[in-house]
Amino acid sequence: MAVAACASVSALSLGLPVQAAMPEGKGALPKQMFYAKAPLSSGLKQRFANDITEITVLGVLNASSTGIPSEGRLKEVLIIGVLLNGLTIPLEALEHIAKLRPSGILFVCVRAKEGVEECALAVRRARPGRAGHVQHNTVFVGEWQPAKTTTLTLGGGSIEQLWEGLNAQAILNSTNPENLDLRIARRENIAELKAADAKLTKDHARAKHPSQRNEIYAKLHKVRSQLAQLEQDD
């Protein structure tokens, strides 16, 4: 069976079951359907018009196509290919698409860089936050990798667990979905501490007064201690 594709990427190239693949000619989603009638800002319309070449449903993961029960609220996951017109992913456009459907959507963003086709996985998910605080959704994007080696692993006892596994693959490049929010938060804390380390190191090198240098060094020591602990737990 010929299947839908985004450049060279298809459900089959991603390692998904043939039952999950969208037939060729049925997966194309015209970009205009996302912004022609909706009250979007001119900037978001430009993201669709200028940054995206085409949008294609590559496959649908549900109980019948995967053999995994659809227990819980989530009944299916769409695999959507997004062929980029440049090198940057238009996060606002992906966010808009994801908000239109209650089902989970895994975006497979495809670009050509220096003649090599690359993929990056993206999902919209609630950002980990502290208990009692309002959670905010955001689009997480994984690292770019060669399209020819990009594959997905399906697992879990339900479609909801399968979705968590896909989130882990997209965000952390891991097939292990356990404690995902905690691991995402830890990764973000590590990135923030590394940025603070770099800034404090520069500030320390520029400081001339001994008391100022000592104050900055104390902050730098604290940041590096926290960073070492997080990286040890990661």
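**Helix packing and cysteines**

Me: What makes H5 and H6 roughly antiparallel to each other?

Reply: In this predicted model, the axes of H5 and helix H6 (residues 210-233) cross at roughly 155 degrees. Angles over 145 degrees count as roughly antiparallel, and H5 and H6 are therefore described in that way. Their axes come within 9 Å, and the crossing of H5 past H6 is left-handed.

Me: Which residues make the contact between H5 and H6, and how many of them are nonpolar, polar or charged?

Reply: On the H5 side, the residues include Ile-190, Leu-193, Asp-197 and Leu-200. On the H6 side, Ile-216, Leu-220, Val-223 and Leu-227 are among them. By class, the contact of H5 with H6 has 11 nonpolar, four polar and nine charged residues.

Me: Why is H4 called roughly parallel to H5?

Reply: Helix H4 (residues 159-172) and helix H5 (residues 180-206) pack at an angle of about 10 degrees. Because angles under 35 degrees count as roughly parallel, H4 is given that description relative to H5. The two axes lie 11 Å apart.

Me: Which residues of H4 and H5 meet?

Reply: Glu-164, Asn-167, Ala-168, Ile-171 and Leu-172 in H4 meet Leu-180, Arg-183, Ile-184 and Arg-187 in H5. The contact of H4 with H5 comprises five nonpolar, one polar and three charged residues.

Me: How many disulfides does the structure hold, and how do you know that Cys-6 is in none?

Reply: The structure holds zero disulfides. The cysteine sulfur nearest to that of Cys-6 belongs to Cys-119 and is 7.7 Å away. A disulfide requires two cysteine sulfur atoms within 2.5 Å, so Cys-6 is in no disulfide. For Cys-119, the nearest cysteine sulfur is that of Cys-6, and Cys-119 is likewise in no disulfide.

Me: Are Cys-6 and Cys-119 buried or exposed, and why?

Reply: Cys-6 has 0% relative accessibility, and the cut-off for a buried residue is under 20%; Cys-6 therefore counts as buried. Cys-119 also has 0% relative accessibility, so Cys-119 counts as buried.

Me: What can be said of the protein as a whole, namely its helices and strands, its buried residues and its contacts?

Reply: The secondary structure comes to six helices and nine strands. Of the 234 residues in the protein, 42% are buried. Among contacts between residues at least 6 apart in sequence, 61% join residues at least 24 apart. Taken along the principal axes, the C-alpha atoms fill a box of roughly 70 × 40 × 35 Å.

Notes. Residues numbered from 1 in each chain as written. Predicted model: local features only at pLDDT ≥ 70, side-chain atom pairs only at ≥ 80, totals over all residues. Heavy atoms only, no water. Axes fitted to C-alpha atoms, helices over the stretch in contact; angles between N-to-C directions. Helix = DSSP H or I, 4+ residues; strand = E, 2+ residues; numbered from the N terminus. Parallel < 35°, antiparallel > 145°, perpendicular 65-115°, else oblique. Contact = heavy atoms within 4.5 Å. Nonpolar A, V, L, I, M, F, W, Y, C, P; charged D, E, K, R; others polar. Left-handed = near helix turned anticlockwise from the far one by under 90°. Buried < 20%, exposed > 50% of the residue type's maximum accessible area, 1.4 Å probe, protein only.
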